[in-house]
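Let's walk through this model together, starting at the ligand and then moving on to the place where the chains meet. Keep the viewer open as you read.

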Amino acid sequence: MMEKMIFGRYIPADSIAHRMDPRAKLIFVFAFIAIIFIANDVWGYVIAAAFTYISVKMSGLSLRFLISGLKPVMILIAFTFLLQLFFAREGNVVLDLGFIQVYEEGIRQAFFISMRFTLLVFMTSLLTLTTTPISITDGLESLLNPLKKIKFPAHELALMMSIALRFIPTLMDETDKIMKAQMARGSDMSSGPLKDRIKAIVPLMIPLFVNAFKRAEDLATAMEVRGYRGGEGRTKYRLLFWKARDTFALLSLVLLAGALAAFRFWI
Amino acid sequence: MDIVLEQVEYRYAANSPFEKKAVEDVTFKIPEGQCTAIIGHTGSGKSTLLLHLNALLKPTSGTVQIGERTVKAGRKEKDLKPIREKVGIVFQFPEQQLFEETVMKDICYGPMNFGVSEQEAKKRAAFWLKEVGMPEEVLGKSPFDLSGGQMRRVAIAGVLAMEPEVLVLDEPTAGLDPRGRREMMEMFYRLHQERGITLVLVTHSMEDAARYADKVVVMHKGRKVHEAPPRELFSDTARLAEWGLGVPEVVKFQRMLEEKTGKAFPKVCLTMDELADMLKQGGESL
Ligand SMILES: Nc1ncnc2c1ncn2[C@@H]1O[C@H](COP(=O)(O)OP(=O)(O)O)[C@@H](O)[C@H]1O
Ligand SMILES: [Mg+2]
């Protein structure tokens, strides 16, 4: 399962989405997150879903691949769905199971919230799938640059983020490796009573943490000996270029916002 | 207990864009009581292959027969613990699997998972720690206070304490100093000879393959390209070079000697001692 999980991974390819300026992609995703909250009826979500679908097409990735890769996240979404379904208590009772009632509003909320969550996960995954961690960082730093004037540590933040992103796959591989090593020693994480399964996590987590700390220390040392001293006066090896397609992408978002607002407020 | 691989294929992340065929059409047998070495360039699929030997991976096609049990592609397997009890694996850099508060507890982890009583497990811990060349007072220490080489030994003791019938070693000496290497390999070989443990050894050291193996399997780009006793394998230097592999230093030396004297030796010598003996015997004629 671990090796199929795509959250946070980058898939090299040549598509419009891959070629976009990371700054444009970052603005695009963050703006999308805000805009999607405008939608509050079926049509709004249909339009937002269509918009997401087109974005997927632009990335050259197949929808089926995305869905199968995001399965673990989908479980979380299904969980939120059920939570909403059972705990919203407005409108008419649609289903009465005796110990629990499902309300009209509950169904509505459950659908909308899980839909919103799904679209957000898709869009943010598209960002990481089509952008190398390093260009995400470059883009972020460039966007946050103006804030340096008020002493905001833009460079440090970007660096921290890029390191975190860089080590997600490493940690996953390591989890897999240590899990296998402990399984070879008779640990059993996939069967038996829940208590035993939880116990079996300890031999996995401890080596994982120990290694992560060790690696962090080594990395810090390696950076220090090479004279790293933050972003001050640093020139860029990778330059960012804003192209017409980036502007168009952002314009399409304005259209989306307009359409969603139209459905919400006037129609 | 024999282990038989038949047309084993393994694809990582099968049916996804990350799909990667790591092992393809591999057939060979690991006979009981023998030492089988697996050599090959980095990325040739050795480690992937090893994971099949105790059903940590299931082949995506083909079968792996481990003693009485058969692990077959596409079939759900239940209760793999008995397999894992009989086939112990020492992974590459096994020191990364240590997690307990004390060395004693860590060594006991494996045996106790397989139903050994605490008392017996503790006895085994003390015994195997000594076998891997560590002093007994280490038992009460935290494994994280030890040096890298000592941690390696403790981790190996943790696998040995399971007392498996087949011991699988994935580059067990990588990163150790030359003396540590020698000691460790001699320890494994002694266990093999004294207790009849079946050894499977993945190694980059042609010396170790030549010295310890009954049979050497050569992997290249996910396929098994050769399988032969070391003497036969190392007599064909050119062929090994094709797979990016060399021959032991002593064989190189013998070849140079043959070139200088213009005389071919009757056989390839696999160790320094062997070569010395041969030179002694044929000294006059050379
Ligand atoms: N967890 C994994 N996911 C995807 N590919 C892998 C994984 N582990 C190994 N591989 C790939 O499988 C091939 C064989 O690797 P491996 O069995 O580790 O070779 P070796 O041990 O001979 O160096 C390599 O190309 C490697 O990149
Ligand atoms: Mg390997």
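Begin with the residues that surround ligand 1: B:Tyr12, B:Lys20, B:Ala22, B:His41, B:Thr42, B:Gly43, B:Ser44, B:Gly45, B:Lys46, B:Ser47 and B:Thr48. Please keep in mind that you are looking at a predicted model, and that the distances below are computed from its atoms.

Which elements supply this shell? Those that give two or more residues to it are strand S2 (20-30) and helix H1 (46-51) of chain B. H1(B) gives the most, with three residues. Sorted by class, the shell around ligand 1 has two nonpolar, seven polar and two charged residues.

Now zoom in on the oxygen atoms of the ligand. A polar backbone atom of B:Gly43 sits 2.6 Å from one oxygen atom of ligand 1. B:Ser47 approaches through its side chain instead, with a polar atom 2.7 Å from an oxygen atom of the ligand. For B:Lys20, an N or O atom in the side chain is 3.2 Å from an oxygen atom of ligand 1. How much of the ligand does the protein bury? Ligand 1 exposes 560 Å² when taken alone, and the protein buries 68% of that.

Next, turn to the interface of the two chains. Here 21 residues of chain A are in contact with 25 residues of chain B. Between them, chain A and chain B bury about 2100 Å², and 65% of this area is on carbon and sulfur atoms.

What about charged and polar pairs across this interface? One salt bridge is found between chain A and chain B. Its partners are B:Asp106 and A:Arg185, whose closest N and O atoms are 3.0 Å apart.

Finally, look at the side of chain A that touches chain B. The elements of chain A that give two or more residues to this side are helix H8 (154-184) and helix H10 (202-225). H8(A) provides the largest share, six residues. By class, this side of chain A has 11 nonpolar, four polar and six charged residues.

Note on methods:
Residues are numbered from 1 along each chain as its sequence is written. Chains are lettered from A and ligands numbered from 1 in the order in which they are written. This is a predicted model: local features need pLDDT of at least 70, side-chain atom pairs count only at pLDDT 80 or more; totals for chains, interfaces and linings use all residues. Side-chain values use heavy atoms; hydrogens and water are left out. Contact means heavy atoms within 4.5 Å. Buried area is the accessible area (1.4 Å probe) that two parts lose on being put together, summed over both. A salt bridge is a side-chain nitrogen of Lys or Arg within 4 Å of a carboxyl oxygen of Asp or Glu. Helices (H or I, at least four residues) and strands (E, at least two) are DSSP runs, numbered from the N terminus. Ala, Val, Leu, Ile, Met, Phe, Trp, Tyr, Cys and Pro count as nonpolar, Asp, Glu, Lys and Arg as charged, and the others, Gly among them, as polar. A residue is near a molecule or strand if one of its heavy atoms lies within 4 Å of it. A polar contact is a pair of N or O atoms within 3.5 Å; within protein, one must be able to donate a hydrogen and the other to accept it, and residues adjacent in sequence count only if both atoms are side-chain atoms. Accessible areas come from the Shrake-Rupley method with a 1.4 Å probe; for residues, only the protein chains shown count as cover.
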